[in-house]
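Student: I would like a close look at a single part of this model, the place where its two chains come together. Could you walk me through that part in one go?

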Amino acid sequence: MPRFAQLVMGPAGSGKSTYCSTLVQHAETIGRSVQVVNLDPAAEHFHYPVMADIRELIQVDDVMEDDSLRFGPNGGLVFCMEYFANNFDWLEECLGHVDDDYILFDCPGQIELYTHLPVMKQLVEKLQQWEFRVCGVFLVDSQFMVETFKFISGVLAALSAMTSLEIPQVNIMTKMDLLSHKAKKEIEKYLDPDMYSMMEDNALGLRSKKFKKLTKAICGLIDDYSMVRFLPFDRTDEEGMNIVLQHIDFSIQYGEDLEFKEPRETEEEPSNANYDDFFQDKVDD
Amino acid sequence: MDGAPLVGNEEGGGAGGSTQPEGRAAASGAQQKPLCLIVLGMAGSGKTTFVQRLTAHLYAKERPPYVINLDPAVHEVPFPANIDIRDTVNYKEVMKQYGLGPNGGIVTSLNLFATRFDQVMKFIEKKYVLIDTPGQIEVFTWSASGTIITEALASSFPCVVVYVMDTSRSVNPVTFMSNMLYACSILYKTKLPFIVIMNKTDIIDHSFAVEWMQDFEAFQDALNQETSYVSNLTRSMSLVLDEFYSSLRVVGVSAITGSGLDELFVQVSEAAKEYETLTSNIMESKLLNPW
């Protein structure tokens, strides 16, 4: 029975941790169980309980303070990740083996980890060995995409990550709830982009022939491959979140070979003192 | 953070002694404005070493540059910096005061600095301005303050983006493509003339990269040997990149040995000309479309 994983990636500040906590809450409301593993050794604090935390294995602060190593923040991070890659059995132990697991892996932001170091690719391979179906989820702060050129920049960054990991990928524009009304309208153009008309609007901004041709080629790519498109993520919008989840589930074929399970009861009263319900569920598995 | 204005550390940069007459042009707004080279690149690509080498090179040519360090977390700056973000912002203090981790600390330090950046710009002079950016690239390219600083510079001075790549890490065609896509993403973000520096040519010659950029089929062959992942998509991406390469300036450099620098400056002056055309185009289009 397969297990399912989302690798949550994106530049620093794009909202990965918020995405994870929001998705966990959302999943609960629809009766699904989603867990989170923190893989960012430089993370500060989270709003959600985690199944496993890489900082229990190794922390950037400790590495940086080590006199014999003398690393700065980046060297420290690389060291941590390479250490992690040499100790995958730690992760295996934390994950245990529960069928039908659905786990979000909150990953560090630095793009170097995806392009230059093999560690993320190694993680993907390991997860696949452990029978996980993995989907990459690439987050970009929507506030950085409110303009044609910036949007294209975001697409290219997502593609850059996609190329190195070789797994299905869903791209998400986060913090939609923080956009002004005007910005939201602007962004809507890019959500279901009719790229060529978008290009025409900006013809005056395209200063040279070279940019025109390049932009045209990129727009063609976005048009041809829906995988490259971005989905909006607004943490106050349940419907939107459902759509995102559906897309991801579809790409990893979640739900296709689920056995029928009793939906978990949502707790309306204070929990049962001797946790009968809890143990009952486990037995049924 | 106290309220005192920024002080440019002139002593640090003027080792050569004399200020060039053209240095005062920035203030007078007359002819030659200083040309800003914004050095970007992934962590470990060799940006700081490159800036160090470039600085030494320019001093040797008696054109000492104005150097700005924007990396708040660097241990030692191996070149004389006229402006150093670490003089204004104490990265460790920021982390402590705001309860941040190292990344948060860097981003916040940069944010704090960006609020004072207009003062920095008053000090900029000399013929060349070199700007060394933080180690982790997205702290600069995907942050509001990085954008603010870049746009502030670009609106006042001719700017060229110098994107430093670690040649030795790009021998795998997948990594190469991934890296180039990222470079392309930065091109779109900054919209500035762009030069790619294939650094560390002392370790490995960059001719393989040039071949890949000039011969699409050669690149495809190399790629096909590595991966079959969604080959249609990767093929289409290579076509996009092909377009990107056709007008890309690439120079092979070794920051350690100094090779390639003369070629670099040829490209830099070409790029500066491109900036002039760009500005006049934008001016024109603004006249046509005032909103």
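Student: How many salt bridges does the rule find across the interface of chain A and chain B?

Tutor: Happy to. Across the interface of chain A and chain B, the rule finds 0 salt bridges, a salt bridge being a side-chain nitrogen of Lys or Arg within 4 Å of a carboxyl oxygen of Asp or Glu. This is a predicted model, in which local features need pLDDT of at least 70 and side-chain atom pairs count only at pLDDT 80 or more, while totals for chains, interfaces and linings use all residues. Residues are numbered from 1 along each chain as its sequence is written, chains are lettered from A and ligands numbered from 1 in the order in which they are written, and side-chain values use heavy atoms, with hydrogens and water left out.

Polar contacts do turn up: 3 residue pairs across the interface of chain A and chain B, both residues at pLDDT 80 or more. Here a polar contact is a pair of N or O atoms within 3.5 Å; within protein, one must be able to donate a hydrogen and the other to accept it, and residues adjacent in sequence count only if both atoms are side-chain atoms.

On the side of chain A that touches chain B, the elements giving two or more residues are α3 (60–65), α4 (73–85), α6 (112–115), α8 (148–165) and α11 (209–224) of chain A. Helices (H or I, at least four residues) and strands (E, at least two) are DSSP runs, numbered from the N terminus. The most comes from α8(A), with 12 residues. By type, the residues of this side of chain A divide into 28 nonpolar, 13 polar and 10 charged; Ala, Val, Leu, Ile, Met, Phe, Trp, Tyr, Cys and Pro count as nonpolar, Asp, Glu, Lys and Arg as charged, and the others, Gly among them, as polar.

Now for the extent of the contact. It takes 51 residues from chain A and 55 residues from chain B, with contact meaning heavy atoms within 4.5 Å. Between them, chain A and chain B bury about 4,800 Å², 65% of it on carbon and sulfur atoms. That buried area is the accessible area (1.4 Å probe) that two parts lose on being put together, summed over both.

One residue of chain B is worth a visit. B:N179 lies in helix α10 (residues 173–190) of chain B. B:N179 counts as buried because its relative accessibility is 1%, where buried means under 20% relative accessible area, exposed over 50% and partly exposed in between (1.4 Å probe, protein chains only). Its side chain is joined to that of B:Y163 by a polar contact of 3.1 Å. Beyond its neighbours within four places in sequence, B:N179 is in contact with A:H116, B:M42, B:Y163, B:M165 and B:S170.

Finally, a word on confidence. The predictor gives the complex an ipTM of 0.74 and a pTM of 0.78. Mean pLDDT, the predictor's confidence in each residue from 0 to 100, is 77 for chain A and 79 for chain B. In chain A, pLDDT stays under 50 over residues 259–285, for which the model has 5 contacts beyond four places in sequence. In chain B, pLDDT stays under 50 over residues 1–30, with 45 such contacts. Where pLDDT is low, the predicted coordinates should not be read in detail.
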